[in-house]
Amino acid sequence: MRVERLKTDLLIIGGGTAGCYAALTASEKSDATEILICEKANIKRSGCLAAGVNALNAYIVEGRTPQDYVDYAKKDADGIVRDDLLYTMSERLNKVTERLEQLGLVILKDENGKYVVRGNRNLKINGENIKPILAAVVEKLPNVTVLNRVNIIDFSVNGNKINGAFGIGIENDTFYIIEAKAVIIATGGAAGLYKPNNPGFSRHKMWYPPFNTGAGYAMGIKHGAEMTTFEMRFIALRCKDTIAPTGTLAQGAGAKQINSLGEVYEAKYGLTTSERVYGTVNENIEGRGPCYLRTEGISPEQEESLLKAYLNMAPSQTIRWIESGKLPSQANVEIEGTEPYIVGGHTASGYWVDTKRATTISGLFAAGDVAGGCPQKYVTGALAEGEIAAVSAVDYISENTTGSISGSEIDAHISEIERFIGENRSQFTTEQLEEAMQTVMDSYAGGIKTNYRFNGKQLDIADYKIRQLTELSDALHADDFQELMYIYELRERLTICRSVIAHLRARHETRWHSFAENLDHPEKDDINWRKYVNSRMENGEIKIILRDLTEEGQKTYEHSN
Amino acid sequence: MSIAIDRNKCVGCGRCHEVCPGTLIKLGADKKAYIKYPKDCWGCTSCIKECPVYAISFYLGADIGGMGSKVHTEKKDGLLCWVIEQPDGKTAEIAIDPKESNKY
Ligand SMILES: Cc1cc2nc3c(=O)[nH]c(=O)nc-3n(C[C@H](O)[C@H](O)[C@H](O)COP(=O)(O)OP(=O)(O)OC[C@H]3O[C@@H](n4cnc5c(N)ncnc54)[C@H](O)[C@@H]3O)c2cc1C
Ligand code: SF4
Ligand code: SF4
């Protein structure tokens, strides 16, 4: 193992959507600021955008205002959002969209040069190469250095102030000690907590990137950062087997959700994101499954466009259509709910941040799927938050000096790594413990197996078993640094599982069907539960903090106690 | 789903190894690429689009209804061309103009 020490002004952890845009913004705002991106993969094709995306889901179309977007997202989350975060994001959606176009993203325009809109909030694009476009810009920035294949495993925090982070070079056997004046965390959400739809050979054919393992959440939790709304899990409604997105069929081609009797069932349950999942689950329970998106009878032109659109973002669905010989015009597309994810770009889980995207740890800012309180961000919202976090971080740097990381902290990390890569004492492999964790979450914390439902007794069992697995993970063994990363990823996920369980247990109501379906409290309770469920880890235990909702229309929020 | 790399075609340029978001592809001592963790492939097709000699193809696992077709991409006259070879020998090709937006 090599040890390398680095020093920078601004460390960005995760060179995905938000991270790349944060680097671009910080670099343009201050060319004297040294910026370092640490990315576990390679920024050219990492994170959510690797395969491409099919639309820009968050845009303020003509005749609408940022406030309309806030209202929409708030309604979809049944009130548990932060207006200030949604508003500051919404204000920037169109500016970042124009910037993306300047950088080379193809956006559909009409004969008058205006963007063609899909529904009330979406733009049609060719998003196949959106990540290479962003990466190419970042690589040209003079004051930005990118370290690819460096996986960050921990923050260095002293007296609630961040001083940098520790990482492992997964292909060069290097331990990195990185000191920084400010840090932006942009590691995305967490996949792989629950048993996936297809746990066998295709276990990673999931919707959310299986390589986003929630490091950002876990590191924050461990260091006592306040987190919010982890009980609002995200379950995606997806094409069966390929887990490809359904928006292109539903909003794009206007396909309705139908059950096996051919009845359109969506109106029966409501049209919010969680209600659409719940309706599908319920139709199956009541014997009217499977459920489909009704595509039969679409025109040949529509079909051709759909085949292409899917190749630009989820190629397996097009392959599926072609190899099965059943094209969408001939057969409706079966849909199913995925396993639950924790993802703050769709729901509201993540760091509890102020309006400037500062977390409760001084010097640590959060953007994108890792940041909470601001659902329905999608690509453009992640860019907008990257921008806000970068501006705040650069301001912070001008007033602060680089913290220093203590020798004892370094030694503790080195000896932990040496233990994992040393003599093999483990009876279990990382893979086995990962499967065990997913089985526990599936059975006792509202996974696919229980139709996403749970009760308090089950959560107690889940918590007990996740703690046991955490203990077992102490003895795991890695043959190389990639396997070492797998150990850290598993331990991150176990930490997040504990937080999810604590949050699910804390909210004594069912506000969002499927996302948090608490069988002990099956009704919504507006009198007692129009509240944020937040948490902080103290002495190894997750402590729940209930906070009152901010004021309607409130434009700024500052951290207090 | 996962990918397969044709050793005979691979020229060892390393681009697939460089780009994979899961760090799943390695180069052997003979400089040929191989997928070390086939079950961990997300199916993002990043590696396939990078390969200059079309040595990489992807397929759907049988557990998600795969029927043995193999897919790769080729770049022709500025188009991104998807080639789907079916087990019965039939081949389907879909060419996409990167300058053209999705219609839906
Ligand atoms: C399959 C899919 C399709 C989507 N389609 C659309 C769409 O059509 N339209 C739309 O508007 N939105 C879409 N979204 C949503 C949107 O893409 C995301 O919300 C957004 O990209 C999230 O940005 P992010 O920066 O938070 O995460 P990411 O872009 O995923 O970035 C996180 C980065 O952190 C890196 N990382 C993680 N852990 C570590 C670590 N420990 N150390 C170092 N680096 C680390 C990851 O490799 C990754 O590069 C889609 C999402 C998915 C998953
Ligand atoms: S398809 Fe994507 S995840 Fe799979 S090996 Fe290729 S680059 Fe890696
Ligand atoms: S990109 Fe193609 S040619 Fe290059 S190493 Fe990979 S398989 Fe071989």
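1. The shell around ligand 2 holds 9 nonpolar residues, 3 polar and no charged. Here Ala, Val, Leu, Ile, Met, Phe, Trp, Tyr, Cys and Pro count as nonpolar, Asp, Glu, Lys and Arg as charged, and the others, Gly among them, as polar. The surrounding residues are B:I3, B:C20, B:P21, B:I25, B:I35, B:C41, B:W42, B:G43, B:C44, B:T45, B:S46 and B:C47; a residue is near a molecule if one of its heavy atoms lies within 4 Å of it.

2. This is a predicted model, in which local features need pLDDT of at least 70 and side-chain atom pairs count only at pLDDT 80 or more, while totals for chains, interfaces and linings use all residues. Residues are numbered from 1 along each chain as its sequence is written, chains are lettered from A and ligands numbered from 1 in the order in which they are written, and side-chain values use heavy atoms, with hydrogens and water left out.

3. Around ligand 3 are B:I5, B:C10, B:V11, B:G12, B:C13, B:G14, B:C16, B:A33, B:C51, B:P52, B:V53 and B:I56. This shell divides into 10 nonpolar residues, 2 polar and no charged.

4. B:T45, listed above around ligand 2, lies in the loop between β3 (33-35) and α2 (46-50) of chain B. Helices (H or I, at least four residues) and strands (E, at least two) are DSSP runs, numbered from the N terminus. B:T45 is buried, with a relative accessible area of 3%; buried means under 20% relative accessible area, exposed over 50%, and partly exposed in between (1.4 Å probe, protein chains only). Its phi is positive, about 65°, although B:T45 is not a glycine.

5. Two further backbone features are in chain A. A:R149 is not a glycine, yet has a positive phi of about 60°. A:R149 is found in the loop between β7 (144-148) and β8 (150-158) and is buried, at 8% relative accessible area. The peptide bond from A:G289 to A:P290 is cis, with omega near -10°, and A:P290 is in the loop between α8 and β14 (291-293). For background, most residues other than glycine have a negative phi, and most peptide bonds are trans.

6. The largest nonpolar core has 164 residues, and those with the most contacts inside it are A:I168, A:Y351 and B:I3. Its largest share, 14 residues, comes from helix α15 (residues 481-506) of chain A. A second, separate core has 47 residues, including A:I125, A:L134, A:V144 and A:A367. A nonpolar core is a set of buried Ala, Val, Leu, Ile, Met, Phe, Trp, Tyr and Cys residues joined through side-chain atoms within 4.5 Å.

7. B:I3 belongs to the shell of ligand 2 as well as to the largest core. Apart from neighbours within four places in sequence, B:I3 is in contact with B:I25, B:I35, B:C41, B:C47, B:I48, B:I56, B:S57, B:F58 and B:Y59. Contact means heavy atoms within 4.5 Å.

8. B:Y104 lies in the segment after β7 (91-96) of chain B and is buried, with a relative accessible area of 14%. Neighbours within four places in sequence aside, B:Y104 is in contact with A:N54, A:R118, A:K124, A:T248, A:G252, A:A253, A:Q302, A:S305 and A:L306. B:Y104 and B:G43 are 61 residues apart along the chain, and their C-alpha atoms are separated by 22 Å.

9. A:V281 is found in helix α8 (residues 273-285) of chain A and is buried, at 10% relative accessible area. Not counting residues up to four places away in sequence, A:V281 touches A:N451, A:Y452 and A:S514. A:V281 and A:Y452 are 171 residues apart in sequence and 8.9 Å apart in space, C-alpha to C-alpha.

10. A:T470, in helix α14 (residues 456-473) of chain A, counts as partly exposed at 30% relative accessibility. A:T470 touches A:R491 and A:L494, residues up to four places away in sequence not being counted.
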